[in-house]
Every structure is written in structure tokens, then in C-alpha cells.
Amino acid sequence: MNQPVTAPVVARLVSGGGTLPPVQNETDDAQPRTERLSRTGRTIRVAVALIIMGLMVVGNQWGEDDHFPFGPFKMYSSTDPLNKPVPDTRVHAINTEGERFRLTMANTGFRRAEVEGQIPRFRANPELLKSLADAYHRRRPTRPKLVRIEIVIRWWHLDGARATGEYTEETEVIWTADGADR
Amino acid sequence: MTGVSVRQKVGTAVLKWFTEPVPKGRIAAFRTAVYLFVVADLTYFTTWIRDHVDVPGNLYQPLFIGRVLPLPVPTPGLVSVLYWALIVTGLLAATGRLPRLLGWTVFALYFEWMIIAMSYGKVDHDRVAFLMALAVLPTLGRARHGDRTLTEAGGWALRLVQIAVIATYFLAAWAKLRYAGIDWLTGATMTRAVLRRGTWFSSWTVEVPGLLIFAQFAIVGFELFSPIIFFLKPRWRYWLVAYFYTFHLVTYLSLTIAFWPHLVAMLCFLPLERVRPIAWLRGQFSGGRQGGPLPSDQQPPPSPTPAEPRRSS
């Protein structure tokens, strides 16, 4: 009387259902039994699979990185003429001691690709580079303060698909501790 | 009338394909691998995500999903809480206990972790299949290592991960056509990649006329034809998976780029139920005392590891 529901039923209710009780294959003991899905469980699962596949295809053709995880799989999807110079984005910093060095992922926590991704924002608002200085100061609290940051694109020249060792630099954005200017 | 029956047959075949049963032991092994990788990813493979803790919030540019939900701007506190919560829940989930509760928790935490990772100006493309694995595993109940019982729900889950793995290749070829067009094949993408990131293993390739152009044709060819894996018999399927892993190994040696989470997700193609290190260790230490015969329906699959008694359900 005190046991109106059997343990396996409780277990099934707790585990969320969606599956029918296991079907024991009576004819051949050597064969493992199969836990089958109910018709509804199967239909829902296949529908979910088709929706996800649809989202992946639509995102790949019309989406952008912004639509992660359904954006386009665009790794190495761009192309350039063979001898077009190769860009190398660098963030240079100068501290109060006059030391000049590079800001990297190691000393700011901000990746080079992220600098490249946000270059339009830095160009529009150089004061944002102060945040990179702040990040540097958090990670290197004992080092002298930064007074100047520059984003420089170094264009490596190629000839016959070989690096010639020559480069030209373009300074994209400048921030100084006294106030930003370009 | 025959049209209807053909359509029904095709429909049934499609439903069956999406839910082709797999042994529960495979789910158990895949689950352990996936959740252990969550911990390894945080502590070893992708440590830069945690470094975002020092980057001020005005450089956080949330992705679409982060604006819709809406998720908070990461603070040092939030990043630390997520980090440690993921390590603890990831380790617990790897044991296979409370698979739904821990599974959904890990999925939610890791997804937020990814949104933080990719909301600072760069989105990576190496872990869609891994996210799929985290999303489908919690739909499955308890599964014990070595359990031969077949499960259709588990088959569906692994099928979705397989689809995401292959989509990563197939849609990558498609994206090349979208962004660069057919010129990608004869362009300088690989040359420039080797010039930027080349190693001792790959630097010489830029010297060989036409080699990297050939490589580009080969890459797009393999990406476009990768879905054939769904039509191969197991033996050939495993060879193709071996080829995929080799492709990533060569990419790693050439450019030091590896899609680690993708490589873990790709385990879903393999008969993981045969890999049972704990049962093997247990057998070693107990001197085979536990290796006695089991009832016939509880026999593990043929493998060099001794049997571990299966809890009757």
C-alpha cells in the first residue's frame, strides 16, 4: 500500500522519459538488447537534427561571425594575390622610463587577432587604447606606467612568394597618456 | 501507390539513420572524454580565455547571442567563478554521475565561457562539433562503461555530433567559395599561411612550384567529399577518420594550428566502448580475480580488457 509506484517507474519519471522501457531481445541471448525510442521521441529528435542542420547551412551562407555558433566556417577562406604584402599587426608601447616594447597576449590578455578585429573601433576612438594600458597595468603591476601606445601594421614585402625581408610600416592609431590624438 | 510506399520507405530509412543504435558503453566513454577535455581546455589548451579577466569591459563586444540573452559584461569575479565551476562540474560529469543535471550545467557554463572567449573581436571556428557534443550528451541518461545495451537516443546524440564534425569540413569548403570564390583554389592562401606561421616542417613547401596550389585543391576536395563517411562500412569509415586525424596532425606540424575540441568531438565515429583503461587497471591490480564469466547477456564486447560487472537496471 505504501509503495504505489515501483522504483523503475520513478527512475523513468526522474530521468525525463522520452524513451520506452527497454525491449529484451528474447530470441538470442548473445545479442545485446536495444532501448528503443518512442515514435514521438524519434520524431522530435529528427526534427531537432534537421533544424540544427538548417541553421548551420543558413548561417554559413548568410550569417557572420557574430552569429556564433551558427556563423560561417570561414577559417582561411579569404584569398590574396601571391605577392601582395603580408600584414603583421603590432601594438607598440612606451613607458615612463622611455622603454619601447610590444603589447602581446602575454602582457595584456588581448590577442593579436582581437586587436585586428577591433581596429575600426580603435581608429574611431583612440581613447579605447587606454583600456589596453589598463590591462597591461593589471598584469604587470610593478612595471612602469605606459605613456603611449601605437597600433602599427607592418607590411612584409614578398617577391615570388618569398619574404624579401623588407617591410613598410603604417601607424594606424596612437594613444598618449595625456590625451589621445591620431 | 508505389510512390507513397517509396516515400514511406525513405522516411523510415531517414528516421532510422538519425537514430541508429549505439552501445551505451560508447556513450559512457565519449562522455568521459568530452568532460575531461573541458577541464583540459580550461587549464591547458585554451588558457587565453581566462586572461580576458584583465581586459576592461569596454573591449567586450558581445556576439549576437550575448546581446539577445542578455549576458553580463565579464568581470574578474564572473570569469573566476565560471572557471572554477567548470573545472568542478566538468570533473564530476566525467564520472558519468547525474548526467542530465551536470551535463546541462556544464553546457550552460561552457557556452557562456565561449561567448566570453569570442566577444573581444575574434571568433574561432574550431569547436562547433564540441559544443554540439556538450548540448546532446545531457539528453541521455546514465550509461555505464562497457555496457553493450544498444540505445537509439544515444545513436541520435552521436549522429548529431558526427554531422557537426563533417559540417565543419563541408561548410568550410562552402565558405571558401562564398568569401573568395573559385579563385581560392589557385590563390595564395596557403603560401601566405606558411609565410606567417610556417615551421621547419612546412617552410620548404613555398619553394616548390605548384605544391601549395595542389594542396589547396586537395583540401577543398577532401572537405567537399567528407560526407561520404556516412556511406562507408565501418572498416573504411575508420580509415577515413584516421585520414582526418592525419590531416590535422599535418596542419599542426605545418602551421601550429590544431582544432583540439574538434579532434575530441571526432571520437564519436569510433567504437569507444572498447577503450576501458579503468577496467584494465582494475584487472591488473586484482590479478584477474574479478575476471570471472558473466551471464551471457552481460558479456562485454571482445576486447583485451577484463570484464567489469554491469549493474543490472
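The questions below concern the interface of chain A and chain B in a predicted model.

Q: How many residues does the contact take from chain A and from chain B, and what area is buried between them?
A: The contact draws on 71 residues from chain A and 75 residues from chain B. Carbon and sulfur atoms give 59% of the area buried between the two chains, and in chain A the residues that lose the most area to chain B are Phe68(A), Phe73(A) and Tyr76(A), together 12% of what that side buries. The buried area as a whole is about 6,600 Å².

Q: Which residue of chain A forms a salt bridge with Asp124(B)?
A: The rule finds nine salt bridges across the interface of chain A and chain B. In the one that involves Asp124(B), the closest N and O atoms are 3.2 Å apart, and because the criterion asks for a side-chain nitrogen of Lys or Arg within 4 Å of a carboxyl oxygen of Asp or Glu, this pair qualifies. The partner is Arg111(A).

Q: Which element gives the largest share of the side of chain A that touches chain B?
A: Between the chains, 36 residue pairs are in polar contact. Several elements of chain A each supply at least two residues of the side that touches chain B, including β1 (34-35), β2 (86-95) and α6 (129-139). The largest share, 14 residues, comes from α2(A).

Q: What is the bridge partner of Glu35(A) in β2(B)?
A: Strand β2 of chain B covers residues 150-151, and β1(A) pairs with it in the parallel sense over two bridges. Within β2(B), the bridge partner of Glu35(A) is Thr151(B).

Notes
Residues are numbered from 1 along each chain as its sequence is written. Chains are lettered from A and ligands numbered from 1 in the order in which they are written. This is a predicted model: local features need pLDDT of at least 70, side-chain atom pairs count only at pLDDT 80 or more; totals for chains, interfaces and linings use all residues. Side-chain values use heavy atoms; hydrogens and water are left out. Contact means heavy atoms within 4.5 Å. Buried area is the accessible area (1.4 Å probe) that two parts lose on being put together, summed over both. A polar contact is a pair of N or O atoms within 3.5 Å; within protein, one must be able to donate a hydrogen and the other to accept it, and residues adjacent in sequence count only if both atoms are side-chain atoms. Helices (H or I, at least four residues) and strands (E, at least two) are DSSP runs, numbered from the N terminus. Two strands pair if DSSP finds at least two bridges between them.
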